[in-house]
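I am opening a notebook on a structure that is new to me. These entries record what I looked up, in the order I looked.

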Amino acid sequence: MSSVVATVPFLMAVEINPAGGFGESVSLHGADAARFLDEVLNPSTDERRLAFLKRSDEAFERLFSSEPISELPTE
Amino acid sequence: MAPQLRQLVLPLDDRLFRAVRDFDCLGEGHRDDPVAENVNGFLAEGRFLPSLEQGISSTYLLLDPKVNPILIGYSTLTFDSVRLTNAERRQMEELIGIAEFGALRIQMIGIDRRHQGQGHGRALLGAITGLARRLSQDVALRFLLADANVRKVGWYESHGFVANRAARERNRTDPERSISMRFDLLDALRDPEPEDRALLVAALE
């Protein structure tokens, strides 16, 4: 697949705010912001990320139960 | 029965409540580790309950009735977003039509010390990522976010997470604090139609 390459201007700021009041708010500036925007337009081909995406589908299939729990399960 | 990841719903029965209270992720490697203490107390001390009651977050338990303790680990998730500041909103909207990215935040993730070192953390993170991937098929969800224990940044990076701030910025922070990281849930961008591509390239030039 071909990708669209963007020239992302530096000196941009990106703000990451948790919606529910949890976690750390982060403001990204300059190169950090450019890196984020480039990633949005061109998803990383990092082999670790792509391999983990595949494994995550397997892990979900293996572990996830759609049945909620409120009681201790028994064998 | 193999380990299962199941969403916790209220009210808890007494036996499950005791299992939750018994959770302990503070092994030898987590002495004087305030982030790990927070992860431990959030579940074992019941601090997850108010946000669960109010529908702000969801808590998932990794359990296996064949092992002792039955509760292997847990994770609490909440919806979040990656936003652009006002100064960049317009430019970003012009580039790709949106200025805000949906995200699922891993608010907490922990493995009981009696089950650590057996790959459960990787499996739990994988299942959560798989869950986020499925949610992203129905709702606008591009990233998985985590406030990683600074001692675990390498572990997250080994799974493809990247820090939201460069190391030079991170080094300025309190070493006991967590590091904001993100994971892109998208395999790759779908190829746009040729006409759309031409318009997009023209907009970027």
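Which residue stands opposite B:M181 in β7(B)? I looked it up and found B:A163 there. I note at the start that this is a predicted model.

**Entry: strand β7 of chain B**

I stayed with β7(B) and checked its neighbours. Strand β6 (residues 162–163) of chain B is joined to β7(B) by two bridges, and the pair runs antiparallel. β5(B) also runs antiparallel to β7(B), with seven bridges between them. B:M181 turns up here again, as the bridge partner of B:A146.

Next I asked how many of the seven residues of β7 (residues 178–184) are buried. The count is seven of the seven, so the strand is largely enclosed by the rest of the structure. I wrote down the two faces separately. One side has B:S178, B:S180, B:R182 and B:D184, and the other has B:I179, B:M181 and B:F183; both faces are covered.

**Entry: B:K152**

I then went to B:K152, in the loop between β5 (143–149) and α6 (153–158) of chain B. Burial needs 20 or more C-beta neighbours within 10 Å. B:K152 has 19 inside 10 Å, so I list B:K152 as partly exposed.

**Entry: cis peptide bonds in chain B**

I noted two of these. One joins B:L10 and B:P11, with omega about 0 degrees; B:P11 is in the loop between β1 and α1 (14–21). The other runs from B:N68 to B:P69, with omega near 0 degrees, and B:P69 sits in the loop between β2 and β3 (71–84).

**Entry: chain A and its helix α2**

Chain A has two helices and two strands, in the order β-β-α-α along the sequence. Of its 75 residues, 24% are buried.

I picked helix α2 (residues 47–63) of chain A. Its 17 residues reach 24 Å from first C-alpha to last, close to the 24 Å expected at 1.5 Å a residue. The buried residues in α2(A) are A:F52, A:L53, A:S56, A:A59 and A:L63. Why do I say they line one face of the helix? Seen down the axis of α2(A), they fall within an arc of 130 degrees, so they share one face. An α-helix has 3.6 residues a turn, so residues three or four places apart point the same way. On the other side of α2(A), I found A:E47, A:A51, A:K54 and A:E61 exposed.

Last, I checked what covers the buried residues of α2(A). The cover includes β1 (4–7), β2 (58–63) and α5 (120–135) of chain B.

Technical notes:
Residues numbered from 1 in each chain as written. Chains lettered and ligands numbered in written order. Predicted model: local features only at pLDDT ≥ 70, side-chain atom pairs only at ≥ 80, totals over all residues. Helix = DSSP H or I, 4+ residues; strand = E, 2+ residues; numbered from the N terminus. Buried ≥ 20, exposed ≤ 12 C-beta atoms within 10 Å, placed from the backbone. Expected span 1.5 Å × (residues − 1). Arc of directions from axis to C-beta. Contact = placed C-beta atoms within 7 Å. Pairing = 2+ DSSP bridges.
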